[in-house]
Amino acid sequence: MPHTMSAERMLAKNPAGIILSGGPSSVYEEGAPSIDPAIFTAGVPIMGICYGFQAMAQAMGGTVAQTGRREYGRTVATVADAGTALAGSGAEQTVWMSHGDSVQEAPEGFTVLATTEGAPVAAFENLDVKMCGVQWHPEVKHSPEGQAAIENFLYNVAGIAPDWTSANVIDEQVERIRAQVGSKRVICALSGGVDSAVAAALVQKAVGDQAHLHPRGSRPDACGRGGADREGLRRLHRRAPHHSRREAALPRRARGRQRPGDQAQDHRPRVHPCVRGLRAPGGRGGRRARRGRRVPGAGHPVPGRRRVRRRRGRGEHQEPPQRGRPSR
Ligand SMILES: NC(=O)CC[C@H](N)C(=O)O
């Protein structure tokens, strides 16, 4: 979320926690990024990192100043009291620093957890208001215990359950698709790439026969440039009865009889007519489509007629065809 967002709008998203990130400004400068102070009294768990830590300190009544003791890079933090936010830490930990300002005094009610040479308050927490912060950067690999600090905030300060799995994501998306589609029907164009294949699989799982899958070529195995698993695409395709029926209604030559790689003989429609009808101005068999020009979203063009004819008529004495547009 941008720092300019009002607390009201942030809270409308029902956040389980907020992390205030770092940034190059100084909180005491005029025009420095500020956060709607109402966010600090809303009861939402908040973690501050570097600039975010300083912004939180200032907003909660602490002091921030430039100390002249800039710290950059690997730094040793002395952990006097690991508390909850640094639980699991030893008496010292290596952290990655990048700051010129420091929190001089922690806000009232906050426990100072760690210090460094350049930062008298390098980490603090107040579990009553579910807030904590660190002067260093736990989000980079160079802070070896940074991940633990972030997990401590999420699980133990904010109390968020670590129950995210990819299976949940599928169920969630399926539910959302069902709610959005209702009893309507869906056209799902398959490019042969991974994204559209995943989207198609989700749509089909959600609404079954209400989904009409349209691979870019007329056969599933003609799809794609090797991005998606071909067998998977074939399976998806088999489960889409509407496509087969639609395909059966196509003229035989449009159904794809050519050998792979035989471009000149490729009479397949560049996209399924249903999709082309939606996308291309002039629709099915339109002039733009036949000339071998690109129709937005219509896959690769087959060679234009003119080029095919030139090739056929080429004699020994003639110049070989030039790439690009033939000159007149
Ligand atoms: N990386 C940061 O967030 C820097 C914060 C602040 N500008 C400082 O130098 O202390």
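Before the rings, a definition: two rings of Phe, Tyr or Trp count as a pair if their centres lie within 6.5 Å. Planes under 30 degrees apart are called stacked, over 60 edge-to-face, and the rest tilted. Please also keep in mind that what you see is a predicted model.

A search of the whole structure with that rule finds three aromatic pairs. One of them joins Phe-53 and Phe-124, with 4.5 Å from centre to centre and 40° between the planes, and it is tilted. Phe-53 belongs to helix H2 and Phe-124 to strand E6, residues 123–126, so this pair ties together parts that are 71 residues apart in sequence. Are these two residues buried or exposed? Both Phe-53 and Phe-124 are buried.

Next, Phe-110 and Phe-124. Their ring centres are 4.8 Å apart and their planes stand at 70°, so this pair is edge-to-face. Phe-110 sits in the loop between E4 and strand E5 (111–115), while Phe-124 is in strand E6, so the parts tied together here are 14 residues apart in sequence. Phe-110 has 10% relative accessibility and therefore counts as buried, the cut-off being under 20%. Phe-124 is at 0%, so it counts as buried too. Taken together, Phe-53, Phe-110 and Phe-124 make up one aromatic cluster.

A polar backbone atom of Ser-25 is 2.5 Å from a nitrogen atom of the ligand. At Tyr-51, a backbone N or O atom lies 2.9 Å from a ligand oxygen. Asp-101 has a polar backbone atom 2.9 Å from an oxygen atom of the ligand. How much of the ligand does the protein cover? On its own the ligand has 300 Å² of accessible area, and the protein covers 88% of that.

Last, the backbone. Most residues other than glycine have a negative phi. Cys-50 is placed in the loop between strand E2 (46–49) and H2. With 4% relative accessibility, Cys-50 counts as buried.

Asn-14 also has a positive phi, near 55°. Asn-14 is found in the loop between helix H1 (7–12) and strand E1 (18–20). Buried or exposed? At 65% relative accessibility, Asn-14 counts as exposed, because the cut-off for that word is over 50%.

One item from a record to finish. An unreviewed UniProt entry places the feature "domain: NAD/GMP synthase" at residues 175–212. In the model, that stretch of chain is 55% helix and 18% strand, and its end C-alpha atoms are 19 Å apart.

Note on methods:
Residues are numbered from 1 along each chain as its sequence is written. This is a predicted model: local features need pLDDT of at least 70, side-chain atom pairs count only at pLDDT 80 or more; totals for chains, interfaces and linings use all residues. Side-chain values use heavy atoms; hydrogens and water are left out. A polar contact is a pair of N or O atoms within 3.5 Å; within protein, one must be able to donate a hydrogen and the other to accept it, and residues adjacent in sequence count only if both atoms are side-chain atoms. Accessible areas come from the Shrake-Rupley method with a 1.4 Å probe; for residues, only the protein chains shown count as cover. Rings of Phe, Tyr and Trp (its six-membered ring) pair if their centres lie within 6.5 Å; planes under 30 degrees apart count as stacked, over 60 as edge-to-face and the rest as tilted. Helices (H or I, at least four residues) and strands (E, at least two) are DSSP runs, numbered from the N terminus. Buried means under 20% relative accessible area, exposed over 50%, partly exposed in between (1.4 Å probe, protein chains only). UniProt positions are given in the numbering used here, feature names are shortened, and annotations may be inferred rather than shown by experiment.
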